[in-house]
Amino acid sequence: MKEVLVYLKFAYKFMFHYLMFSFQNICTFNNEQMESACVTMHEAMKSVIDYQTHFRLREAQGRSRAEDLNSRVAFWSIGEALILLVVSLGQVVLLRSFFSDKRTTYSRVGS
């Protein structure tokens, strides 16, 4: 009969036989420790998942806010560019009117 040496996490060594798995009576104490360790790890993983969910939600909110702000800045920039173009054209028209020759035509009355 071949015996296998099993090393568990808590450094307990058990000898058991392939045909009869009677080592359960021996490792009841270790099994309870492993269950408590699994429960602890499960709780820790749930906590990590909660943190990840929280940070993903915060990231989504921040991304939404940034995209909204980006669109507002783009519209404001386009509006400022249009206002700047209208004011520039108005100044050009006004300056041309200052320097244009105004010829007055005299018409003869009674000729």
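Where pLDDT is low, the predicted coordinates should not be read in detail.

**Colour by confidence.** The chain averages a pLDDT of 78. Of its residues, 66% score at least 70. Now pick out strand β1, residues 3–7. Confidence in the chain is lowest there, at a mean of 42. Then move to α1, where confidence is highest, at 92.

**Switch to cartoon.** Which elements does the chain have? You will find one helix and two strands. Reading from the N terminus, their order is β-β-α. Helix α1 takes in residues 28–99.

**Show the surface.** The chain has 111 residues, and 5% of them count as buried. Its accessible surface comes to about 10800 Å². Carbon and sulfur atoms account for 63% of that area. Next, turn to contacts with a separation of 6 or more: residues 24 or more positions apart make up 6% of them in the chain.

**Go to the salt bridges.** Side chains of opposite charge can pair when their charged atoms come close. How many salt bridges does the structure hold? There are three.

Select Glu59 and Arg63. They form a salt bridge, and the closest N and O atoms are 3.5 Å apart. Both residues belong to helix α1. They sit four residues apart, about one turn of the helix.

Select Asp68 next. Which residues are linked with Asp68 in a network of salt bridges? Arg65 and Arg72 are. Take the Arg65 side first. The closest N and O atoms of Arg65 and Asp68 are 3.7 Å apart. Both residues lie in helix α1, three residues apart, which is about one turn of the helix.

Why are Arg72 and Asp68 separated by about one helical turn? Because they are four residues apart in helix α1.

Asp68 has 29% relative accessibility, so Asp68 counts as partly exposed. Arg72 has a relative accessible area of 53%, so Arg72 is exposed. The cut-off for exposed is over 50%.

**Finish on the nonpolar patch.** Select Phe75, Ile78, Leu82, Leu85 and Leu89. Together they make a nonpolar surface patch of about 560 Å². Stop at Leu89, which is found in helix α1. Is Leu89 buried or exposed? Leu89 counts as exposed because its relative accessibility is 52%.

Note on methods: Residues are numbered from 1 along each chain as its sequence is written. This is a predicted model: local features need pLDDT of at least 70, side-chain atom pairs count only at pLDDT 80 or more; totals for chains, interfaces and linings use all residues. Side-chain values use heavy atoms; hydrogens and water are left out. A salt bridge is a side-chain nitrogen of Lys or Arg within 4 Å of a carboxyl oxygen of Asp or Glu. Buried means under 20% relative accessible area, exposed over 50%, partly exposed in between (1.4 Å probe, protein chains only). Contact means heavy atoms within 4.5 Å. Accessible areas come from the Shrake-Rupley method with a 1.4 Å probe; for residues, only the protein chains shown count as cover. Patches are made of residues with over 30% relative accessible area and no salt bridge: like charges are joined within 9 Å, nonpolar side chains (Val, Leu, Ile, Met, Phe, Trp, Tyr) within 5 Å. pLDDT is the predictor's confidence in each residue, from 0 to 100.
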